[in-house]
Amino acid sequence: MASVSAQSKKILQFSGLITSTGSDLPVGFVTIKNTTFNNQTFMSNNEGYFSFVAHVGDVIEFTSVGFDPVTITIPEVEGDKYTASVKMRALIIELPAVTPFPWASYEDYLAEFMGLGTGEDPIASARRNLSPDALAALASVVPRNAEEIQTYNSLQRHQYMQNKNINQRMNNPFLNPFNWYQFINSIKKGDYSREKLKY
């Protein structure tokens, strides 16, 4: 029946801009519902602009989280366009303060607190936790993090590059000054003269 009565009404283009009351800041993504015509639902863009086809006399409801809902009835206008400036008032809701406790009552908390009484010296506890045995036990259980792994890999690469440049296993005899000394003395003595070397 609503669709039959709506067909007899005048059709127009309903457009507008939704802003906050007291300022010209747009209210984006507002849900717009045509409660008269099959609860058709639309949404404004992030700038608060909307435009859709409606009928004269339709009741349009604007709702958004944190704002009071606004209802507008489309009036009879000349032409086939109607533009509205919709103002929505922001909701200010103050909730009562809540103090969370992990105990059922304040008396239970006092009983737990008074029953702690460890009587342990914090310096002695820190020394015990930082002892070599305690740290070794933790190191065997706790996995390395990414920074430690990267530092270890960088150190290994650095040592490999140093050893490669030093070349400890395959020393070049031409870089040894003592070998050069023996070679020059052998030349002076004539150890490598052609007369001694009979092929």
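Let's zoom in on one residue: where is N38 found?

Tutor: N38 sits in the loop between strand 2 and strand 3. Before going further, keep in mind that this is a predicted model, where local features need pLDDT of at least 70, side-chain atom pairs count only at pLDDT 80 or more, and totals for chains, interfaces and linings use all residues. Residues are numbered from 1 along each chain as its sequence is written, and side-chain values use heavy atoms, with hydrogens and water left out.

Back to N38: its phi is near 60°, a positive value in a residue other than glycine. As background, most residues other than glycine have a negative phi, and most peptide bonds are trans. N38 counts as exposed because its relative accessibility is 56% (buried is under 20% relative accessible area, exposed over 50%, partly exposed in between, with a 1.4 Å probe and protein chains only). F29 also has a positive phi without being a glycine, at about 55°. The loop holding F29 runs between strand 1 and strand 2, and F29 is exposed with a relative accessible area of 53%.

Now step into strand 2, residues 31-34, where N34 is found. (Strands are DSSP runs of E with at least two residues, helices are runs of H or I with at least four, and both are numbered from the N terminus.) N34 counts as buried, since its relative accessibility is 1%. Leaving aside neighbours within four places in sequence, N34 is in contact with N39, Q40, A54, D58, V59 and I60, where contact means heavy atoms within 4.5 Å.

Strand 5 (residues 59-63) pairs with strand 6 in the antiparallel sense over four bridges, and F62 has V70 in strand 6 as its bridge partner.

The other sheet to look at is an open one of three strands, ordered 4-1-7, with mixed pairing. Here strand 4 and strand 7 stand at the edges with a single partner strand each, so one side of each is left without a neighbour in the sheet. Neighbouring strands of this sheet are turned by 30° against each other on average, direction ignored. Strand 1 (residues 11-20) is mostly covered, with seven of its 10 residues buried. It runs antiparallel to strand 4 (residues 49-55), joined by seven bridges. In that pairing F14 stands opposite F52, and I11 has H55 as its bridge partner. Strand 1 and strand 7 (residues 81-88) run parallel, with eight bridges between them, and G16 stands opposite A84.

Helix 6 covers residues 177-189, and its 13 residues reach 18 Å from first C-alpha to last, close to the 18 Å expected at 1.5 Å a residue (the expected span is 1.5 Å times one less than the number of residues).

Notes: Pairing = 2+ DSSP bridges. Axes fitted to C-alpha atoms, helices over the stretch in contact; angles between N-to-C directions.
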